[in-house]
Amino acid sequence: MTESRDKIRLLVVDDDRGMAATLSDVLGASGYGVETAYSGSEAVERVKKAQPDGILMDIRMPGMNGVETFRATKKLSPESFVIFMTAFSESSLVDDARREGAVEVVPKPIDWESLLLLIEQSAGSGPGVSMEIS
Ligand SMILES: [Mg+2]
C-alpha cells in the first residue's frame, strides 16, 4: 500500500502550530497527502469541503476540543478514521474519545514509528477496527 499513500488524504488538527507543522512534515515525507487545521471549527469547515481518509486530532484545544470536533466530523464524514493525540492520558476527554469510537488515542510526545504504523493500518482497515500496536 506504500505506493498508493499519496492518494490517502489526512487532516491534521492541532492548536499547536509547531506540532501541526511537524506532523504535516513527517506525514508528507512518508508520502501522505496532508492538510492542517488549527482549531476544531476550522477542521469542521475542511471536512465539509472534502472528506479526508483520516483525521489526526489533538484532544485539548481552545474552543471546540477534539472530542467535540470528532462528534461534528463523524456526522460529516463517518468513513474517516480518527486518531486522537494527547499529552494528558489521564483526561476524562480520553475516556470520552474511546467511548465515542476513536480508532486509537496516542500519547504525546509522539512515537513516530508507532503512529505511522497505526495510520497505515487504519487507512487499510477502515474505521472502528480494533488493533494492537506494540
Ligand atoms: Mg492542544
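I count two strands as paired if DSSP finds at least two bridges between them. My helices (H or I, at least four residues) and strands (E, at least two) are DSSP runs, numbered from the N terminus.

A note on the source before I start: this is a predicted model, where local features need pLDDT of at least 70 and side-chain atom pairs count only at pLDDT 80 or more, while totals for chains, interfaces and linings use all residues. Residues are numbered from 1 along each chain as its sequence is written, and side-chain values use heavy atoms, with hydrogens and water left out.

**Entry: strand β4 and its neighbours**

I looked up β3 (residues 54-58) and found it parallel to β4, with five bridges joining the two. Ile55 has Val82 of β4 as its bridge partner. Between β3 and β4 the chain passes through helix α3 (residues 66-76), and this β-α-β crossover is right-handed; that is, with the strands pointing away from the viewer, the path from the first strand over the helix to the second runs clockwise.

Next I checked β5 (residues 104-107), which is parallel to β4 and joined to it by four bridges. Here Met85 has Val106 in β5 as its bridge partner.

How many of the residues of β4 (residues 81-86) are buried? I find six of six, taking buried as under 20% relative accessible area, exposed as over 50% and partly exposed as in between (1.4 Å probe, protein chains only). In a regular strand the side chains alternate between the two faces of the sheet.

**Entry: α2 against α3**

Helix α2 (residues 40-49) packs on α3 at about 5 degrees, with the axes 10 Å apart. Axes are lines fitted to C-alpha atoms, for helices over the stretch in contact, and angles run from 0 to 180 degrees between N-to-C directions. The two helices are therefore roughly parallel (an angle under 35 degrees).

Contact means heavy atoms within 4.5 Å. From α2, Gly40, Ala43, Val44, Val47 and Lys48 meet Thr69, Ala72, Thr73 and Leu76 of α3.

**Entry: Val67**

Leaving out residues up to four places away in sequence, I see Val67 touching Phe84, Leu93, Asp96, Ala97 and Glu100. The C-alpha atoms of Val67 and Glu100 are 8.4 Å apart, although 33 residues separate them along the chain.

**Entry: a cis bond**

Lys108 and Pro109 are joined by a cis peptide bond, with omega about 0 degrees. Pro109 is in the loop between β5 and α5 (112-125).

Technical notes: Parallel < 35°, antiparallel > 145°, perpendicular 65-115°, else oblique.
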